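These are my notebook entries on a structure that I had not examined before. I set down what I looked up and what I found.

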Amino acid sequence: MVKLPAFLRTIRQDIDKLPRTYLDNILTKPGPASDPDWIPGLETISALESSKVLVIGAGGLGCEILKNLALSGFKDIHVIDMDTIDVSNLNRQFLFREADVGKSKAEVAAAFVEKRVKGVKITPYNGKIQDKDEEYYMQFKMVICGLDSIEARRWINATLVDMVDMEDPESLKPLIDGGTEGFKGQARVILPTMNSCIECQLDMHAPRAAVPLCTLATIPRQPSHCIEWAHIIAWEEHRKGEVLDTDDPEHITWLYQRALARAQEFKIPGVTYSLTQGVVKNIIPAIASTNAIIAASCCSEAFKIATSCNPFLQNYMMYSGDEGVYTYTFETERKEDCPVCGNLARNLTVNPNMTLQEFIDNLGERAEAQLKKPTLRSEEKSLYSQFPQSLREQTAPNLSKKLSELVVDGEEIGVSDPAFTIAFKYKLIFGS
Amino acid sequence: MAETIITPPILQGPTAKEKKYDRQLRLWAANGQAALENAKVLLLNSGSGVVGVEILKNLILPGVGSFTIVDETNVSELDLGVNFFLEESSLGKWRAEETCKFLQELNPEVKINALKESIDVFADNPSRLEQYSLILLVGPTTNARVLEKICEYADKSSIPLFYIHCQGFFSHFSVQLPAQFPIVDTHPDPASTQDLRLLNPWPELLEFLETKTRNLDSLSDHDHGHIPYLLILLHFLNIWKASHDAQAPANYFEKKEFKALVESGARTNNSEGGEENFDEAAAAVLKSLNPPSISSGLRQVFEADDCQNIKSTSANFWIIANAIRNFHTSHNGILPLPGALPDMKAQSSDYIQLQNIYKAKARSDLAEVTRTVRSSEQEVGRNPPIEQAEIEAFCKGAQFVKMIHGRPIRVAKCTAEIDWNDRAKVLSPELQTPDSLLPLYFAFLALDRYQDDIDRIQKVRKPADDEQLNDIMAGRVVSGAVPPLPMFAESAHFSTPTIDPEHDPKPWPRFDTPEARTTFDNVVKELDRADRGELHNIAALTGGMVAQEVIKVITKQYVLVDNTCVFDGIASKTAVFNI
Ligand SMILES: [Zn+2]
């Protein structure tokens, strides 16, 4: 064992009871960038160890996040994931083995890290984040998200923003979010109601434009058009009522064969099994190294927030490894008209001759909305409601009406979607 | 029409391996995977060494061929708190072997090896490096001599080498590549790769244009709304040229005028009030009508001596580059057509026909390049012939090829200055730039130099002087023999350098402004705060970055860091410098 110099020994006297870690080096001394009022030492270490944190997602990012948090001194970690382990996870989700295929990701990951890192407790929940209520989320110091679903991100963001009680600083739960695609990714720190939230930033992550149905139905040109045709049209025609399971090889093979036949009919080259799978499941390439970068970035920010040992990220880091290494670190602005954390209605210029159905389709494609099944009301009445069925039937005739028949120029409408706990406010301005 | 019978291909789902590696094959494809599976990686590990292990994790998961860890240390309590690939029962055992055991679980296909040896001893016999395809060296090493020897040998044997540092909130890595490292498959953004050659159309394309736009005004609304935008542009280009001395729109204002001309061709008496294909055409005016030009990367390749004077010993890259250069010269500055066509509003059959016209032209250009390659091969007496696939890949990506010129890693020694030669002029101004991360790189050099100094003193002292030695090992010498790192960094080496290369051939870049000096001092203090320890997060993050770069080197795909990268975990920023 290395004998320590005298002055180091004195600093360490009060923490001699704890096992020594490299973390102590940082947590027992101030640094040039740490807050001058910050007090290093035991108190900081125990604050870190008593911080209960929640990890959402135990996939590619989640496995890394759990490992990193456990080795950053966090002792009480909870993890939620509804997925089971698939063989295609094994190239990056390093807490899983071939023998684990089919088991719950949250449970296997939690047990693995708990066994490997001494003194850490990891509590798994095999289910959806929507199963839990505010009381559950209130127990955590912060939430770290490693998800591939935009819906789930928006849901937890809206929930955490809603939970903020200005009288109670403990109700503000920092949300640290990571995402990757291929060699690229991003990490962001959200302080609900204090800075820009996930909903404010939604237009930075625009969805790919959908191919118009008429292209799929009549003039396919790309292999993906043939696959989408099989996926959306042929399945409905031949296997109506059957739920398409994109993990069922028989289903994928069926779609592949249909797509291939259609491609041959139009002499379109390039339909393969792998492409079929990619299009139908909307597969995003994922590798271990990018997950490592983004997850570690998220956890480093979590560590800095929990200990105050150094300033944390304000508030967005974009990483790109396609061409050299490039990071862009910047502060995104909060939007006053954000449907989650703002309170102003958003101005939206619309063609008054557009039908309500066209308007709804447009909401689904708009980068800042991305709503698939919205319910809409004007100041006076319900314009279109998804639920209950009676109201849907009652409002369905509005779909074919022009906007000018339903609202007046400058009227505010409310838009909500059961998938999120978000209500949008739009002020419709008539234009072309 | 005769009935054609198309036999459907035999349906074969993906193999077990394709399933497991599906998400990465979508990035680097089967050829990249094969390269990865043939790679033999060597890790020379020092210090707490977590960054080295994290790099390996990110290479084992995607299926690297094999790796060897050189590390003689035994597992300490400190290791357990920072290294995920160890457990409590590993305490006191040989670290490399224990780590290998847990890493092997990640992928049974990877061959794993451990050598119980210090890097110092390994460096005495560097010819053993020969058997590896890539070297990872984790710093700081015990002294400059070790680093120098390994770097020199790797350079001599053209083995790519990464030198990596990770301490506290900061990290650094440098890549030492062979003097010439070409990348053909750079994976450019698909939107930037579209060379439609509209300003240099060829007969088959013009013939198709004629059949589709001959009676434009009398076409039905349906047909008019489905003319591919590319033909719309060509059609209006002809009209434009007729009134502009046969010249295409050249500047921004002419292009705007041309765009208006295109827009005026759209039929608006329909329910949409316009036509999608005309919208596509108008939107493509600015980017599709540029005269042919080549990227600076390709220009450098064309201008290189190796490209202009090929020999029997020239690499494949140069033989093909030479043939493409000939093509470029004899076709007035155009490159072989890549042949890809973006999606556009069109009837299926028209689109497919257009696609075939582009593919056929790409094939004939490729054939021309191939002929030049074959005649060069004969001329210089070169065997065996270069594979057609390699020539094709080059033709497709010609605009985006990159040649990286490897430079040796700079070794900081206690007894001698680094020879910065031409780099001093570039680095000194960068050092004065506010918020530059370059001081971080110099702080790591200071750390290396400090280590070299400790090693020197250690060798002078008698090993029996235990107290002293232990203190040195702890990184702090209280007796004053070696000052703490910040005081060391403040010493003459860093505070009073000269930069005038005419008077001093080996200057240290200096800190001209007090701000730059303060940035450097703060980085050193923060490094010192970590007291040689790694933070797991920073090691994991750096392990991810280095693994990405290693994969790029091995697969020869994507563009890699040239040649030094630093990460600041406080500001959450990276920077890349050519050093
Ligand atoms: Zn917001």
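**Entry 1: the model.** I note at the outset that this is a predicted model.

**Entry 2: extent of the interface.** I looked up how many residues of chain B are in contact with chain A. I then recorded the area buried between chain B and chain A, which is about 7600 Å². Carbon and sulfur atoms give 60% of that area. In chain B, the residues that lose the most area to chain A are B:R23, B:F84 and B:R529. Together these three account for 12% of what that side buries.

Entry 3: I looked up one salt bridge by name: the side chains of A:E64 and B:K57 meet at 2.4 Å, N to O. For polar contact, I found 34 residue pairs across the interface of chain B and chain A, with both residues at pLDDT 80 or more. Helix α24 of chain B, residues 536-555, supplies the largest share of the side of chain B that touches chain A, namely 12 residues. I also sorted the residues of that side of chain B by type: 40 are nonpolar, 19 polar and 28 charged.

**Entry 4: helix α5 of chain B.** Is this helix, residues 95-104, mostly covered or mostly uncovered? I found it mostly covered, with 7 of its 10 residues buried. The buried residues are B:R95, B:A96, B:E98, B:T99, B:C100, B:F102 and B:L103.

**Entry 5: strand β6 of chain A.** I recorded that 6 of the 7 residues of this strand, residues 184-190, are buried, so the strand is largely enclosed by the rest of the structure. I then looked up its partners. Strand β5 of chain A (residues 175-181) runs antiparallel to β6(A), and 7 bridges join them. Within this pair, A:G179 stands opposite A:Q186. The two strands form a hairpin with 2 residues between them, and A:G182 in the turn has a positive phi of about 60 degrees. β6(A) also pairs with strand β7 of chain A (residues 316-320), in the antiparallel sense over 5 bridges. There, A:K184 has A:S320 of β7(A) as its bridge partner.

How values were computed:
Residues are numbered from 1 along each chain as its sequence is written. Chains are lettered from A and ligands numbered from 1 in the order in which they are written. This is a predicted model: local features need pLDDT of at least 70, side-chain atom pairs count only at pLDDT 80 or more; totals for chains, interfaces and linings use all residues. Side-chain values use heavy atoms; hydrogens and water are left out. Contact means heavy atoms within 4.5 Å. Buried area is the accessible area (1.4 Å probe) that two parts lose on being put together, summed over both. A salt bridge is a side-chain nitrogen of Lys or Arg within 4 Å of a carboxyl oxygen of Asp or Glu. A polar contact is a pair of N or O atoms within 3.5 Å; within protein, one must be able to donate a hydrogen and the other to accept it, and residues adjacent in sequence count only if both atoms are side-chain atoms. Helices (H or I, at least four residues) and strands (E, at least two) are DSSP runs, numbered from the N terminus. Ala, Val, Leu, Ile, Met, Phe, Trp, Tyr, Cys and Pro count as nonpolar, Asp, Glu, Lys and Arg as charged, and the others, Gly among them, as polar. Buried means under 20% relative accessible area, exposed over 50%, partly exposed in between (1.4 Å probe, protein chains only). Two strands pair if DSSP finds at least two bridges between them.
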